[in-house]
Amino acid sequence: MENQEVEIYNSVSEYNKMANHETQHPLVSVIDFSKSAPVCQYRRTFGFYTVFLKDVMCGDIQYGKHSYDYQEGTLVFIAPGQTYGIYNHGNYVQPAGFALIFHPDLLKGTNLGKNMKEYSFFSYDVHEALHLSEREREIVLECFKNIKLELEQSIDKHSKSLIVNNIELFLNYCMRFYDRQFITRDHINQGVIGKFENLVDDYLKSDNPKNIGFPMVNYFAEKLNLSANYFGDLIKKELGISPQELIHNKLIDIAKEQILDHGKSISEISYDLGFKYPQHFTRLFKTKVGVSPSEYKTLN
């Protein structure tokens, strides 16, 4: 699979042609896979946003570092430039389900274009896909239907805003569904939080800060086999603070103890905690505690 040549689709019309689908708009399309030809394993990169809702097992999806045994009624979000593929031991399968694809150019000059970074699930790994309830699936299909209906109209001055507004509505529903997924998988999330806190504690107690540097969110997300975005969203939903804030809080607690150890200077403490420059440590400490490390030492 790794050595398989990557198929590149930069335009919506290129993908439509491959999927045996009529191009009704140059920048957006709702694909019905039942009209596509049977597919074998492949690797593809798109120049547009893609959301898959597949209703048949085509094989394992490979995306980023993970492969995912695709379940029916699961939504997968792929950002422009990402490479994903299907691996199914060379068997041909008739695809079924739907895809919404839309080019970044469609969003230029719109509120959705300015706010796309808020839909962080486009950067989740494939194993962090959205598992839909039956009711949620109906809502998704209704959104796809409304976008498709608008694509079937003659293009006029209202077309762009109506299409983009319907895409935005769909993405907002997906945010709500992900919030529900974070809640319904609470027991799994609690395990992730516990592991994360232990990893941070172990990291700060070791020589890693001195040798590797300041503890970064990406480092811990990787240790937990999660994408940085999914991990960040999960922690924020559960604890009300970002992973970075949790790291900072734990780091400041350790710093307070070390400041009161008269054998260490402020500079030594800052280097031991992974800061390249003592002034960066002092700035963070003052932001969190309200006084500088030196003032804290004097006060205590």
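Reply: A residue is called buried when its relative accessible area is under 20%, exposed when it is over 50%, and partly exposed in between, with a 1.4 Å probe and protein chains only. By that criterion Cys174 is buried, because its relative accessibility is 0%, and Cys143 is buried as well, with a relative accessible area of 5%. This is a predicted model, in which local features need pLDDT of at least 70 and side-chain atom pairs count only at pLDDT 80 or more, whereas totals for chains, interfaces and linings use all residues. Residues are numbered from 1 along each chain as its sequence is written, and side-chain values use heavy atoms, leaving out hydrogens and water.

The structure as a whole holds 0 disulfides.

A nonpolar core is taken here as a set of buried Ala, Val, Leu, Ile, Met, Phe, Trp, Tyr and Cys residues joined through side-chain atoms within 4.5 Å. The largest such core has 67 residues, and Phe102, Phe122 and Phe170 are those with the most contacts inside it. Helix H4 (residues 159-184) gives the most to this core, with 9 residues; helices (H or I, at least four residues) and strands (E, at least two) are DSSP runs numbered from the N terminus. At least three residues of this core come from each of domain 1 (7-187) and domain 2 (206-299), the bounds being those of an automatic or database domain assignment. A second, separate core has 18 residues, among them Ile31, Phe52, Val76 and Ile86.

Turning to the strands, two of them pair if DSSP finds at least two bridges between them. An open sheet of 5 strands has the order E2-E9-E4-E7-E10, with antiparallel pairing, and its edge strands, E2 (28-32) and E10 (130-131), each pair on one side only. Within this sheet, strand E4 (residues 49-54) is joined to strand E7 (residues 74-78) by 5 bridges, and Lys54 stands opposite Thr74 in E7. Strand E1 (residues 6-9) instead pairs with E3 in the parallel sense, over 4 bridges, with Thr45 in E3 as the bridge partner of Ile8. Strand E3 (residues 42-46) is largely enclosed by the rest of the structure, because 5 of its 5 residues are buried. Tyr42, Arg44 and Phe46 point one way from E3 while Arg43 and Thr45 point the other, and all are buried.

Just after H8, Gly240 takes a positive phi of about 80 degrees. His248, in helix H9 (residues 243-259), counts as buried because its relative accessibility is 17%. Counting heavy atoms within 4.5 Å as a contact, His248 touches Phe214, Leu284 and Lys288, leaving aside residues up to four places away in sequence.

Key: A disulfide is a pair of cysteine sulfur atoms within 2.5 Å.
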